[in-house]
Amino acid sequence: MTTTRRLLLAGSAGALAAPRIAAAQESPGVTATEIHIGSTNALSGPASSYSVISRCLEGMFRRLNDEGGVGGRRVRFTVYDDGYQPPRTLEQTRRLVERDRVAFLFNQLGTPTNNAVHRYVNQRRVPHLFLATGADKWANPREFPYTMGWQPSYRVEAQIYTKHVLEQRPNAKIALLYQNDDFGRDYLHGVQDVLGDRFRSMVVTATNEATDPTIDSQIVQLQATGADVLICGVIPRFAAQAIRRVHDIGWRPMMFMTNVSVSVGVVMQPAGVEKGVGLITSDYRKDQSDSAWANDPGMNEWRQFMQRYIPDGDLGDNNYTYGYGVGATMIQVLRQCGNDFSRENVMNQARNIRPMQLATLLPGVMVQSQPDNYNVIRQMQLQRWNGASWERFGQVIEGAGS
Amino acid sequence: MDAFLLQLAAGIATGGIYASVALAIVMIYQATHHVNFAQGEMATLSTFIALTFIQAGFPYWVAFGATLAVSFVMGALVERLIMRPVQHAPILTHVGVYIGMLLIIGNLTGWVFGYTTKVFPSPFEGGGPMFGGLLSAHQLGSVGVTLAVLVLVYLFFTKTSLGLAMRAAAYNPRSARLVGIRVDVMLALGWGLAAAIGSVAGMMVAPIVFLDPNMMLGILLYAFAGALLGGIDNPPGAVVGGFLVGVLENLAGAYIVGTELKLSVALVIIIGVLVLKPSGLFGRVVFSRV
């Protein structure tokens, strides 16, 4: 009895598996008139402020369709809500891949959420492109060839800071404060990449947990080592604490702050705007509030798009300039595909983007990819806090892009 | 040596935070003989209410008083509406209810007030940084407030008949009822007082760590370690315990285990106390005869 049931199960499993294999050889999600692209985003919950990215992308595909589509086909873009909860991301991603049978996945939001589907999409060989997260692990073509990030990773960012330090103070003693998780350790790795053997002699480190009440002790400990440079990879709450504490104890290092924790309202004002003067961070986007871009052709193109397709969107929200850049990259890949939108060809084109400038990115910051380098954006420009706003300075710097 | 003194000062500063929250934990334990896991979330909610008062234009100390009153009512209502129906249920039910409240109140706070970090004003601003910038005027002021609350709590429990009645109601409800104490009123009062003390802790902590819905998440664990170390039924002990945990954690992090294991220090203290001296450093050893 048992044996027959097993056989039966094995048989039905085989029957279920068979169409999958067949499907992989065709081009799922692609018909003569349509390309179906899937995504997940936090449309609800604490991270839902990022949901405007999906709105922006949806507007861009609408514009593309209005202009005649790509390869003679219209783009259909489906976004499901995962509430920024990894189990739901997996559930919704499987729904996209197995039930909706999308061609590929594009710009899913979040590090823990993408982590939950990382293995799954690579096993199924579904392109998992231009994710909305800055973790370094998405640039690992050897082990996860179907996953690709877009924005400069935290690791590339740390590489850029370290390069600037070496240029300005070749004999610096660097203090590194990072959060004891994947996000923070990307900063550790970035500094190690640039310094190599010199890391042990040049760098002192301290870590904090996201649950720590304060980081006073770590700051004091780092100051006591006599370091004259401080690089911080911490979330906004600790960023504000660090800026205030470093100032209050009279330590004046050359101080770098991760660019995810430099918002004026959330970090600089709570810390005290005068306490952060001289703080250095980086960006790869044009800041729409910067008067230098008031008549910039690229930014005007973006403003026209907003006016026409998202008239009620908040023009001060830089998620829209992000979305415009990542959407333009995706459309470029689709154009490169010609008439072949199979998963293999989409992936092949995504890993062969020749360096190009985008409307909402800083001049000199290129979007590009090579089969062995998935760091799509690897350049940034430094900027310094002057007590009221961020001022860009120096040339665009390129990370090692490991 | 200089660095050592600075670490010590940083430890005392964070210890002050733990001490004020530990005091609130002990308070609820005195009144109900339970540890309320939602204490931190209730305090955070109170702090957001205080911020709302301040933003509406009330002077700080008026907002402070109003928050104490609102928190007191909130605490008493929680007892009436949520704890009363499960009064005679087993201890595990209570734990379940506490954890449920932790999640509900925490998410409610985020939903109403948002998840972004906010600045909370301090009544002790203006002095500028002292002792090499390690103790701000606010930190000294908040230590003063914690000690003042401690003295008030101590006087309340030892010198007033209401305090005595409350202790009796928690310690032995049946006998208390027989001598004419209204045990249910005492329980509601105890919850109200604990919530009010929690709100003081929240308002003292928020200017240092910044206000967001998860503000108390990490602090509560350290505060719990402090309360246990000092003796869970001893208010002065809890305050001393809170300061000790702050200093130990900082010194161990800086000189012994490294910053990666700072959090573990709090857990080691909790387990160490429970195994070696369950009543804590200053707690009374209680014998139950059956």
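Two strands are said to pair if DSSP finds at least two bridges between them. In the predicted model described here, strand S1 of chain A, which spans residues 34-41, meets this condition with S2(A), since the two run in the parallel sense and are joined over 8 bridges. Within this pairing, A:Thr40 stands opposite A:Tyr80, a residue of S2(A). Both strands belong to an open sheet of 4 strands in chain A, where the order is S2-S1-S3-S4 and the pairing is parallel. The edges of this sheet are formed by strand S2 (74-81) and strand S4 (128-129) of chain A, each of which pairs on one side only.

At the level of domains, chain A is divided into domain 1, made up of 22-152 + 286-371, and domain 2, which covers 154-283. The C-alpha centres of domain 1 and domain 2 of chain A lie 31 Å apart. To the contact between them, domain 1 of chain A gives 6 residues and domain 2 of chain A gives 10 residues. On the side of domain 1 of chain A that touches domain 2 of chain A, the residues are 2 nonpolar, 2 polar and 2 charged.

Chain A also touches chain B, through a contact that takes 25 residues from chain A and 31 residues from chain B. On the side of chain A, the elements that give two or more residues are strand S6 (203-208), helix H8 (216-224), helix H9 (236-248) and helix H10 (264-271). The largest share of this side, 6 residues, is supplied by H8(A). When the residues of chain A that touch chain B are sorted by class, 10 are nonpolar, 10 are polar and 5 are charged.

The packing of helices was examined in chain B. Two packed helices are described by the angle between their axes and the distance between the axes. Helix H2 (residues 39-55) and helix H3 (residues 60-83) of chain B pack at an angle of about 140°, and their axes are 9 Å apart. The two helices H2(B) and H3(B) are therefore oblique to each other, and their crossing is right-handed. In this contact, B:Ser46, B:Ile49, B:Ala50, B:Phe53 and B:Ile54 of H2(B) meet residues of H3(B) that include B:Tyr60, B:Ala63, B:Phe64 and B:Val70. The contact of H2(B) with H3(B) comprises 9 nonpolar and 3 polar residues, with no charged ones.

From H5(B), the contact is made by B:His138, B:Gln139, B:Ser142, B:Val145, B:Thr146 and B:Val149, and from H8(B) by B:Ile197, B:Val200, B:Met204, B:Pro207 and B:Ile208. The contact of H5(B) with H8(B) has 7 nonpolar and 4 polar residues, and no charged residues.

H8(B) also packs with helix H6 (residues 161-171) of chain B, where the axes come within 9 Å and cross at roughly 105°. H6(B) and H8(B) are therefore roughly perpendicular to each other. Here B:Ala165, B:Met166, B:Ala169 and B:Ala170 in H6(B) meet B:Val183, B:Met186, B:Leu187, B:Leu189 and B:Gly190 in H8(B). By class, the residues of the contact of H6(B) with H8(B) are 8 nonpolar, 1 polar and no charged.

Technical notes. Residues numbered from 1 in each chain as written. Chains lettered and ligands numbered in written order. Predicted model: local features only at pLDDT ≥ 70, side-chain atom pairs only at ≥ 80, totals over all residues. Axes fitted to C-alpha atoms, helices over the stretch in contact; angles between N-to-C directions. Parallel < 35°, antiparallel > 145°, perpendicular 65-115°, else oblique. Left-handed = near helix turned anticlockwise from the far one by under 90°. Contact = placed C-beta atoms within 7 Å. Nonpolar A, V, L, I, M, F, W, Y, C, P; charged D, E, K, R; others polar. Domains from an automatic or database assignment.
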